[in-house]
Amino acid sequence: MKKYFILLLIVGLFSCSEDFLDRTPTDSKVAEDFYKTPSDAYEGLVAAYDGLQIDYDGFSNFILISEIVSDNCFAGGGTGDAVNFLDAFGKKYDQFAPIWKKYYQGIYRANLILSKLEGVDWGTDSALKAQYQAEARFLRAYFYLDLARMFGHVPLITTPLTPDQYYAPQAAAEDVYKQIGEDLKFAVDNLPSTPYASIPKATYGRVTRWAAIGLLARAYLFYTDYYQKPDLAGVYTRAQVRDLVDNLIQNSGYALVENVNNLWLTAAPATYVGEDNKETVWTIKYTYKAFGDGNKYDGARWQVMIGLRNQISVPYGQGWGVGTVSPQLWSAYRDGDKRKKASIIATTPTVDGGEGITITATDQRQYTGYYWKKFAPYAPTKDNNETVDLGGDYQLDNYQDYPSIRYADILLMGAELHLDGGDLSKAQSYFDQVRKRAFGVLDGTITDAVYNTNGYGITLSASSKSVIMEERRLELALEGHRYYDLIRQGMSVAAQAINYSNNGLVSTFNTTTQGFLEIPETQINLSQGTLIQNPGWE
Amino acid sequence: MRMRDVYRTLHVSVILLLLACTAVYAQQRAVTGTVKDPSGTPMPGVNVVIKGTTTGTVTDVNGNFTINAGENDVLVVSFIGYKPQDVAVGTQTNIGVELADDLTTLGEVVVVGYGVQDKKVVTGATVAVKTDDLMKTNSLQLGQALQGQTPGVQITSTSGQPGEPLKVRIRGTGTLGDSEPLYLVDGVPTTDISYLNSANIERIDVLKDAASAAIYGARGANGVVLITTKKGKAGSSLITFDAYYGVQNAYRKLPMLNAQEYAVIMNEASINSGVSPLYSPEQIGKLKTTDWQDQIFTKNAPMQNYSLGFSGGSENSTFSSAMSYFSQDGIAGGPSKKSYFDRMTLTINSQHKVFKDYVKFGENLTYSNVKKSGVAVNGIYSNALRPFLIASPVMPVYDETTGDYAKSPVAITEVNPAAYFNYNNINKTVTDKLVGDIYLEGQYKGFTLRSDFGSDLSFNEYRDFGPEYELTPNVRNTVSYVNQNMSRVLRWNWDNTLRYNTTLNEKHNIEVLVGTTAQQLGNTFVNARKEGLTFNDFDHAVLNNGTSDSTITVTGNSSISYSIYSYFGRVNYNFNEKYLFSATIRRDGSSNFGSNNRYATFPSVSAGWVLSEESFLQAIPQINFLKMRASWGQNGNDRIVPYAYMATLGSQYRDYYFGSGEDKAVGTSPTRLPNPDLKWETSEQIDIGLDATVFNDFIVSVDFYNKKTKDWLVVAPIPDLAGADAPWVNGGDIRNRGVEIQLGYNHKFGDLSVGVNGNVAFNQNEVTRIANTEGIIHGDVNVLFNNMDELNRAQVGFPVGYFYGLQTAGIFQNQEEIAAYSKNGKEIQPDAQPGDVKFVDRDGDGAITAADKTKIGNPNPNVTYGFNFNLAYKGFDFSVYTYGMGGQQNVVGYHPYDTWYANYTTDVLGRWHGEGTSNSIPRVTRGDEKNGNYKKFSDLYVQDASFLRIKSINLGYDFTKLLPSLPFKQFRVYVSANNLFTFTKYKGLDPEVGFSPQTTGSLGTQNTQGGLYNAVAGYNMTSGIDVGFYPQPRTFMAGVSIKL
């Protein structure tokens, strides 16, 4: 008996149960147990929305990059800043790696949730599934449209990848735009036509049918112009897109804010109409509520970049002076156009409309005398950016939304779509709404008669595309659209607009790039030879 | 044998026997005696037995014994832990016996995994450092005691800050992740040994080859360091007291430009950059210099240590207890002493026989309390020293009129480093730690069953405080804050072993060991931050004083994240201590891998041949001992973040705020791409060695090894289009091979004993595989300053973490040279101006591009060595310990070339400023020259960092030799100096730079587990990047070491 006891004891000491080695995390979920309920699906969808906010360093932001490479801005910033290279389309090791990564991260999250929707138990709520699917497909289309416009040649990924699929080659542009078209078609067909007034406030920022139509128009115009195609890769014809835009204009309930100044916080802090106003068809949301946590990427991290370098000048908050605004843009506005001062800060008092701000920083690169007013960080007093007063970090937590699709943009796209084979009177009407608002007809600053007698109006014809392009430049300045409007008009138009050399301010477009940015070197190196560098960047 | 012969033999024997008996009987009488230990202390409980009989006695409390013995008898005097001694009785009536320490248990054994082994029969490559050497070097940290004493063990400080970890590499960097060895303190695995006081350490054994470490299979891949704390000895009692006090200083300062030199250089840089000069000659004359380094380096920073130990015991129980206090101020703590380390320890070790000789019970426990505060030492942004090395010397510390910290007269963006230092680096960590084990051991007829439970339990609290300040428009803190963190970490292990020892036919010595070990790691932490404090000082910086409701941040977790379970077995066999053989097998299961790859088996074999036991060598008296040995084995490594194989989902950092921006929607997506096939990393090593003692006094030991680490656990970069953080993979192979030589000479010339010991190790490190197509894992960018390319990488065919950049070929002296440097009529550097750097166009494409980059330096030393010298004469002792490293380079990165007003070292005075003035240092500019003299990482940054350091010099005298009547066994008074000289060509503050940026690869957030995975969160693949390094101090100290 004693022997057995000792044996048992020894065996006991030397044995172990398999559970001992099964460890699961306490602070995260495990994929096998998730994506089961509609609320799981919602969390997956939110993660895809979160992809819109990711901004690894503030420099690698779509708006900022797009404006610097356009004729609107110089790189600016400090002498050591990475954006220097963008003015001359210069190579800088891996300069676009963060933004490349950001977009594919968003695409991954959208693909992932799309792949999981089938497995969710929706119960009776099949409409919810279609809605989530439409939202995720819209987001995927949004990510691809930005990527394809920036880089031209991008791999097309529509499912979560397995390791053997990491080395996907670049897809033909037609395939990418076809996917964009189909994704948007699904969204347009499946989302309800809820007018602006009926959209619950709590859902502002969510994708709507109107947003899908707006993005579709953007995709259509870029693709058909840049690639000289008759339709959106066989998915949408011009007439179909035009009808959808008309439908939006007639039925969405969106309208222009009367005074263009009130659209932008720092242009009119007291009378600012706020975010999600009646002109905001779709916006990317930001908040100060990460409270300095740089991993959250909830803030508009890029905003600090364009602020006045190293100083506060009420109501303009402190920043890094990146993307100094070109004098050309300032002078492109006619006298009387309220958009000039609503969009741009002129520091020099000698300039008409100049605000007499002395920039004290000695290391402001490419000082032009002009800074962004749209999106400028806001400082109600001389002490802090408002972000700081709200508890955030002035570098990370600026919070102004980026209204990616604005009703004014819709109107101008509508006008453009009607120029060619559409209804010219509609084009004129859409165009006039935007332009009259700019000169103050809508808010009563001037009357229609004054507008006409001063010759502010422009009459459109079928060949007025360049007029609309110029109007887009003025209306949508510093909102990230200009560069793509330029390159879709062709390389010579882009070069003519962008090339600049005056008073030491130099900007040079490289036509051999075909307007596309450099594919990140690290990604090419990692691609097993499947990624090919864009021309002009080798 | 014939019958007659048989009878004759028998007859003779009987007569002899009778004679003997008669003699014994006739002369039996009482013999008395006293037994003392080597220090002269009487030993109670010592066995005294007449040889060949069972007649015996035991000494009393005064060490005395009485026994009836005859003149021809031989007494065998024995006691555990001492060499048994035979004493012929002869005519003596009062016998004095002094027992010598048994070298089999003290000097000549080697601690191996789960036991000790006679050094003579060890077949693996191990090296030991014993208490004397530990004590004499008075090392600030335990690990530093190993520096220079153990060939093949490369130890580099990651910072001279008190209590900072050391970087320990055994036989080279074996992996990109955690390359630290496994530490076991009395068998308890732990990751940090800074809680130990060297006075409590009996010995440190380092297991270097795979066969020695194989019994620890899991986690033994980077070598094993076994630390044994002091144990009591039966029959003795000992009180020890050690104390020292020392002062520390920086051993060198960087020679920075003074105000006048600075002004000249700034003027010249401005002119070269097309800006008007800043200073007129008249202004230059009036400038006053601030020596900023005086503001950070503390003069005569104190360091002190007191330890008191008691040990002793009887045959049945032994104990050793000690308490100690150690405190050290850092030399870079500034005027407010923000860098310090205070440690109190209490050790209780004891062992008891609880059932005759069959069952023993014991425990080793060390409690420590550490209080420390540190200044930031990493990188370019959070680095307390760096601002002091680059601040302009024309800025005063304080404003003369206001008395506040002065603003820079040079640029509004320049920060006053003293002010910045004062407002930052305000923190304190308190750690209570209990490390120890309890064990029960049963012995019966050669079988030993042992069950040992160990734990490493620590409680940490941390606070830091940020006051409000505004130094420049962007260096400011507008609202005060406090961070408070509490954590509890428990790592336990339960080891059960069964051992069987036997000797067959007096020649076959066999030991068989089987066992299991289970280990688990769990931790809990809570971390919170609050802003808007109602007090403005550190003492009141607690969460309760935070007033801002909107900015409270709280994180916390509680989990058991890691466990392993292993079976192992070992056979040691030797034939007559001549032919030696050992085999080990271990099967490890780790929770870090999926059930498909959870278990792995790690075998090893080793063999030795003691040639000196062979008759053909016994004829050569000059060869006292000669052994050849060889081993092969595999070890595993599972040190990665937990759950890496699983598809875990995160909700942190995936929020989106819909609506008016107030309502948070929580998002969830995978944190990292899973890799269900993740498996153990394996290191496989061959070792061939030789140990010899010749001419009685010379010791030689040589080892050759080839260590291959296969299937590195690494986050190998994958294309970003995969869309989530890269998975952990078994991503590459690395090879370290080398030679280690140890030589010693120890001899006594009468009263003079001399010891000279030296060792040298050569190691060659090469990456042999990386599991992505380019075969490269890139280093970080922006390491030296913003907007700088990667400067190091791991690449197939190169040493891990090598420096990667452009080669230079001097300075362009004039326009002609620029024009002449052309290819096919096109200038290679069209943007260059005279005075700019000429880069080598390695690929010959007529332009300087990334393709021209190559290996321009290696942070891994190819030789490490140490040389130690001991002299003792009567009561005096004198020793010198040195160590050095050679063949490695550092990147000199303390000047930020993107900050035009940063100060330079006086080296810049030798810059190019006209034809023929320099061919090595380019012209100064404001950093905007198109040539990119310093913006491109090149060999201009790389400097030889080989060094030889006099680690310590000690001189002591033992007063018991002068005054034998003193009641002390030892009363040694000594003076010593640490880091007295460092011989190096390196120009930075300290050539021994262990810092490397933590290349985060695709891993997003680091260290969210309460500090547990520091080393594995990123690739710690390089070393030697000097961006302003906290240097090791030079210390002078005096102390006393008393034994009673």
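Reader: Leaving aside its neighbours within four places in sequence, which residues is Tyr167(A) in contact with?

Author: This is a predicted model. Tyr167(A) sits in the loop between H5 and helix H6 (173–190) of chain A. Leaving aside neighbours within four places in sequence, its contacts are Leu526(A), Ser527(A), Gln528(A), Thr530(A) and Pro719(B).

Reader: How many Å apart in space are Tyr167(A) and Gly529(A), C-alpha to C-alpha?

Author: In sequence, 362 residues separate Tyr167(A) from Gly529(A). In space, their C-alpha to C-alpha distance is 8.3 Å.

Reader: Are helices H5(A) and H7(A) roughly parallel or roughly antiparallel?

Author: H5 (residues 126–151) and H7 (residues 209–226) of chain A have axes that come within 11 Å and cross at roughly 25°. Angles under 35 degrees count as roughly parallel. Therefore H5(A) and H7(A) are roughly parallel.

Reader: How many nonpolar residues does the contact of H5(A) with H7(A) have?

Author: From H5(A) come Phe138(A), Ala141(A), Tyr142(A), Leu145(A) and Arg149(A); they meet H7(A) residues including Leu215(A), Arg218(A) and Phe222(A). By class, the contact has 2 charged residues, no polar ones, and nonpolar residues numbering 9.

Reader: Which three residues supply 11% of the area that chain B buries against chain A?

Author: The contact takes 87 residues from chain A and 84 from chain B. The two chains bury about 7200 Å² between them, 56% of it on carbon and sulfur atoms. On the chain B side, more of the area comes from these three than from any other three residues: Tyr653(B), Tyr656(B) and Leu721(B).

Reader: Which side chains meet in a salt bridge?

Author: The count between chain B and chain A is 1 salt bridge. Its N to O distance is 3.0 Å, and the partners are Arg598(B) and Asp22(A).

Methods
Residues numbered from 1 in each chain as written. Chains lettered and ligands numbered in written order. Predicted model: local features only at pLDDT ≥ 70, side-chain atom pairs only at ≥ 80, totals over all residues. Heavy atoms only, no water. Axes fitted to C-alpha atoms, helices over the stretch in contact; angles between N-to-C directions. Helix = DSSP H or I, 4+ residues; strand = E, 2+ residues; numbered from the N terminus. Parallel < 35°, antiparallel > 145°, perpendicular 65-115°, else oblique. Contact = heavy atoms within 4.5 Å. Nonpolar A, V, L, I, M, F, W, Y, C, P; charged D, E, K, R; others polar. Buried area = accessible area lost by both parts, 1.4 Å probe. Salt bridge = Lys/Arg side-chain N within 4 Å of Asp/Glu carboxyl O.
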